[in-house]
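Please read it alongside the sequence and the model displayed here.

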Amino acid sequence: MSKTKSDDEAPILECLRCLDRYSKADVRSGLYRLETIVCSRCYARMQRAPHRVSCFGKPTMRTPDWKTLLGYNPSAPECRDLCPDRVVCRRVVRAPV
Ligand SMILES: [Zn+2]
């Protein structure tokens, strides 16, 4: 049995963060990440947010007055093993979502 278009576009997947609903078609177009159940819009928002709000998708940096802004750090256990967004973060830290 072949899948119908409506089946494909049924909004059955919920984003963990914004609670918007997405379809299988959205997964294929990259709008929704099955591996983390978070949508790309949320990841884009997190990446644009300041370091103190979200470390997602940003490199760890120093400010001119030598404060450390914590972002992605490949040697930190959080980034290597613990963070649920680590795979996506690693990928986008160099290329914006
Ligand atoms: Zn979302």
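Domain bounds, as used below, come from an automatic or database domain assignment. For the protein chain, that assignment gives domain 1 (1-48) and domain 2 (49-97). The model is a predicted one, in which local features need pLDDT of at least 70 and side-chain atom pairs count only at pLDDT 80 or more, while totals for chains, interfaces and linings use all residues. Residues are numbered from 1 along each chain as its sequence is written.

**Overall form**

- The protein chain contains 5 helices and 6 strands; helices (H or I, at least four residues) and strands (E, at least two) are DSSP runs, numbered from the N terminus.
- Read from the N terminus, the order of elements is α-β-β-α-β-β-α-β-β-α-α.
- The radius of gyration of the protein chain is 16 Å, whereas a compact globule of 97 residues would have a value near 13 Å; the radius is taken over C-alpha atoms, and the globule rule is 2.2 Å times the number of residues to the power 0.38.
- Along the principal axes, the C-alpha atoms fill a box of roughly 60 × 25 × 20 Å.
- Of the 97 residues, 22% count as buried; a residue is buried if 20 or more other C-beta atoms lie within 10 Å of its own, exposed if 12 or fewer, and partly exposed in between, with C-beta atoms placed from the backbone.
- Among contacts between residues at least 6 apart in sequence, 26% join residues at least 24 apart; two residues are in contact if their C-beta atoms, placed from the backbone, lie within 7 Å.

- The C-alpha centres of domain 1 and domain 2 are 23 Å apart.
- The contact takes 10 residues from domain 1 and 12 residues from domain 2.
- On the side of domain 1 that touches domain 2, α3 gives the most, with 7 residues.
- By class, that side of domain 1 has 3 nonpolar, 3 polar and 4 charged residues; Ala, Val, Leu, Ile, Met, Phe, Trp, Tyr, Cys and Pro count as nonpolar, Asp, Glu, Lys and Arg as charged, and the others, Gly among them, as polar.

**Nonpolar core**

- The largest nonpolar core has 16 residues, and those with the most contacts inside it are Cys 15, Cys 39, Cys 42, Tyr 43 and Cys 89; such a core is a set of buried Ala, Val, Leu, Ile, Met, Phe, Trp, Tyr and Cys residues joined through C-beta atoms within 7 Å.
- At least two residues of this core come from each of β4 (38-39), α3 (40-48) and α5 (86-92).
- Domain 1 and domain 2 each supply at least three residues to this core.
- Beyond its neighbours within four places in sequence, Cys 15 is in contact with Asp 20, Tyr 22, Tyr 32, Ile 37, Val 38, Cys 39 and Cys 42.

**Helix α3**

- Cys 42, Tyr 43 and Met 46 are buried in α3.
- Seen down the axis of α3, its buried residues fall within an arc of 100°, so they line one face of the helix; the arc is that of the directions from the helix axis to the C-beta atoms.
- These buried residues of α3 pack against β4 and α5.
- Ser 40 also belongs to α3, and Ser 40 counts as partly exposed because it has 18 C-beta neighbours inside 10 Å.
- Ser 40 and Cys 15 are separated by 25 residues in sequence and by 9.4 Å in space, C-alpha to C-alpha.

**Asp 26**

- Asp 26 lies in helix α2 (residues 24-28) and is buried, with 21 other C-beta atoms within 10 Å.
- Apart from its neighbours within four places in sequence, Asp 26 is in contact with Leu 31 and Tyr 32.
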